[in-house]
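Q: I would like to learn how to read a few features of a protein model. Could we go through them one at a time?

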Amino acid sequence: MHELSIAQSIVETVEARANEYQATKVKSVHLRIGEANCIVTDSLTFCFEMLTSLEPLLSGAQLLIDTVPHRAKCDRCDSEFPVQNFIAQCPTCDEWSHHIVSGTELQILEMEIDTGICVAT
Ligand SMILES: [Zn+2]
């Protein structure tokens, strides 16, 4: 269950940033997660809520998740196509691609703290 360790590092990062900005409350955390990370967003949300419920600074914080599709680009015919089950083979010309264009991201986009200011991370 790698969602727990991911949730843990998100909570630690958010906490550090919130302290930096002297926040008294974190209202929401906005993530961007690529499909290639194989993260079950429901599990991640569950772990996040479990961990944040123990921290007064973060308790009740909402987790927003944008999922980014896993896509590759063909080096031969230049077409872009979805990667399915980690198989990046061009549907147009059958060429195997090593050129992943999206889907590997795992980022905290922004977080909202009690002042209502969005802090870009
Ligand atoms: Zn192709």
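The dialogue below takes up a helix, a metal site and the cysteines.

Q: What should I know about the model before reading it?
A: It is a predicted model: local features need pLDDT of at least 70, side-chain atom pairs count only at pLDDT 80 or more, and totals for chains, interfaces and linings use all residues. Residues are numbered from 1 along each chain as its sequence is written, and side-chain values use heavy atoms, with hydrogens and water left out.

Q: How does the span of helix α1 compare with the one expected at 1.5 Å a residue?
A: Helices are DSSP runs of H or I with at least four residues, strands are runs of E with at least two, and both are numbered from the N terminus. The expected span is 1.5 Å times one less than the number of residues. Helix α1 covers residues 2-20, 19 residues in total. From first C-alpha to last it reaches 27 Å, close to the 27 Å expected. Just after α1, Gln22 has a positive phi of about 50°.

Q: Which residues of α1 are buried?
A: Buried means under 20% relative accessible area, exposed over 50%, and partly exposed in between (1.4 Å probe, protein chains only). In α1 the buried residues are Glu3, Ile6, Ala7, Ile10, Val11, Val14 and Ala18. They sit on the same side of α1, because their arc around the axis is only 135°. That arc is taken from the directions between the helix axis and the C-beta atoms. Glu12 and Glu20, on the other side of α1, are exposed.

Q: What covers the buried residues of α1?
A: Contact means heavy atoms within 4.5 Å. The cover includes β1 (26-34), α2 (41-52) and β6 (106-113).

Q: Which protein donors hold the zinc ion?
A: Donors are N, O and S atoms within 2.8 Å of the metal (3.2 Å for Na, K and Ca); water is not among the atoms, so sites may look incomplete. Here the donors are the SG atoms of Cys74, Cys77, Cys90 and Cys93, lying 2.3 Å from the zinc ion. Their spacing along the chain is C-x2-C-x12-C-x2-C. Cys77, in the loop between β3 (71-73) and β4 (80-82), and Cys90, in the loop between β4 and β5 (99-102), are 13 residues apart. Cys77 is partly exposed at 30%, whereas Cys90 is buried at 1%.

Q: What is the geometry of the zinc site?
A: Four donors count as tetrahedral if all angles lie between 85 and 135 degrees. The angles among the four donor atoms are 103 to 119°, and the site is tetrahedral.

Q: How many disulfides does the structure hold?
A: A disulfide is a pair of cysteine sulfur atoms within 2.5 Å. The structure holds zero. For Cys38, the nearest cysteine sulfur is that of Cys47, 16 Å away. Cys38 is partly exposed at 44% relative accessibility, and Cys47 is buried at 2%.

How values were computed. Tetrahedral: all angles 85-135°; square planar, octahedral: opposite > 155°, others 65-115°.
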